[in-house]
Amino acid sequence: LKHTCRLPPLCLDRCKIAMVKKQPKQEPIEKSPWEGKHPDPLPREDERKVRAVVKLAAPVCTLLEFPLDCTPSTKISYVVDRIIDRHGGSISDLSVCVNRFHPEEIVQPESTLQQCGVFGGDCIIYYDFVPRSGALLQ
């Protein structure tokens, strides 16, 4: 602020007040009603349901079929782990296909059922494997 008054410096305080009053009014900035509020977090749990029937591709054996309740976000690696558990850990190198078993349609363990085209409802997961050598096979 520059003192432009011709009065002695004693009026400096009054001039400052006058200069401050002469400044244009700034309108208050409207705040959003949402400012500082965070949205509710989305649930991490997938509420969509998939009823998968897991089957051995060949030979067809109903004793090796089992149902698996999961979601479209379930990874194929989870399904592979359940299959290995059902075989008592005696199998490895699984090939997995969803809804149709064909060598060109084998899915990777990192894939999800959704990436395989399953968004809910029923599906069939086919698998094939190479048996591990062990006491029974020697």
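Trainee: Leaving aside neighbours within four places in sequence, which residues is T74 in contact with?
Mentor: This is a predicted model. In it, T74 is in contact with V79, S111, T112 and L113, once the neighbours within four places in sequence are left aside.

Trainee: Where does T74 lie?
Mentor: T74 lies in a loop, between strand 2 (66-70) and helix 2 (76-86).

Trainee: Is T74 buried or exposed?
Mentor: T74 has a relative accessible area of 12%. The cut-off for buried is under 20%, so T74 counts as buried.

Trainee: And what does the side chain of T74 reach?
Mentor: The backbone oxygen of T71, at 2.9 Å.

Trainee: Changing topic. How many salt bridges does the structure hold?
Mentor: The structure holds three salt bridges. One of them pairs R51 with D69, and the closest N and O atoms there are 2.9 Å apart.

Trainee: Where are R51 and D69 in the chain?
Mentor: R51 is in strand 1 (residues 50-56) and D69 is in strand 2. They are 18 residues apart, and the pair links distant parts of the chain.

Trainee: What about accessibility for R51 and D69?
Mentor: R51 is partly exposed at 39% relative accessibility. D69 is at 55%; exposed means over 50%, so D69 counts as exposed.

Trainee: Which residue does D85 form a salt bridge with?
Mentor: With R82, the closest N and O atoms being 3.0 Å apart.

Trainee: Why are D85 and R82 separated by about one helical turn?
Mentor: Because D85 and R82 are three residues apart in helix 2. As for accessibility, R82 has a relative accessible area of 25%, which makes R82 partly exposed.

Trainee: How accessible are R100 and E105?
Mentor: R100 is partly exposed, with a relative accessible area of 43%. E105 is also partly exposed, at 33% relative accessibility.

Trainee: One more residue, I91. Where is I91 found?
Mentor: I91 is found in strand 3, which covers residues 91-98.

Trainee: Buried or exposed, that I91?
Mentor: Buried, at 1% relative accessibility.

Trainee: How far apart are I91 and D128?
Mentor: In sequence, I91 and D128 are 37 residues apart. In space, C-alpha to C-alpha, I91 and D128 are 9.6 Å apart.

Technical notes. Residues are numbered from 1 along each chain as its sequence is written. This is a predicted model: local features need pLDDT of at least 70, side-chain atom pairs count only at pLDDT 80 or more; totals for chains, interfaces and linings use all residues. Side-chain values use heavy atoms; hydrogens and water are left out. Helices (H or I, at least four residues) and strands (E, at least two) are DSSP runs, numbered from the N terminus. Buried means under 20% relative accessible area, exposed over 50%, partly exposed in between (1.4 Å probe, protein chains only). A polar contact is a pair of N or O atoms within 3.5 Å; within protein, one must be able to donate a hydrogen and the other to accept it, and residues adjacent in sequence count only if both atoms are side-chain atoms. Contact means heavy atoms within 4.5 Å. A salt bridge is a side-chain nitrogen of Lys or Arg within 4 Å of a carboxyl oxygen of Asp or Glu.
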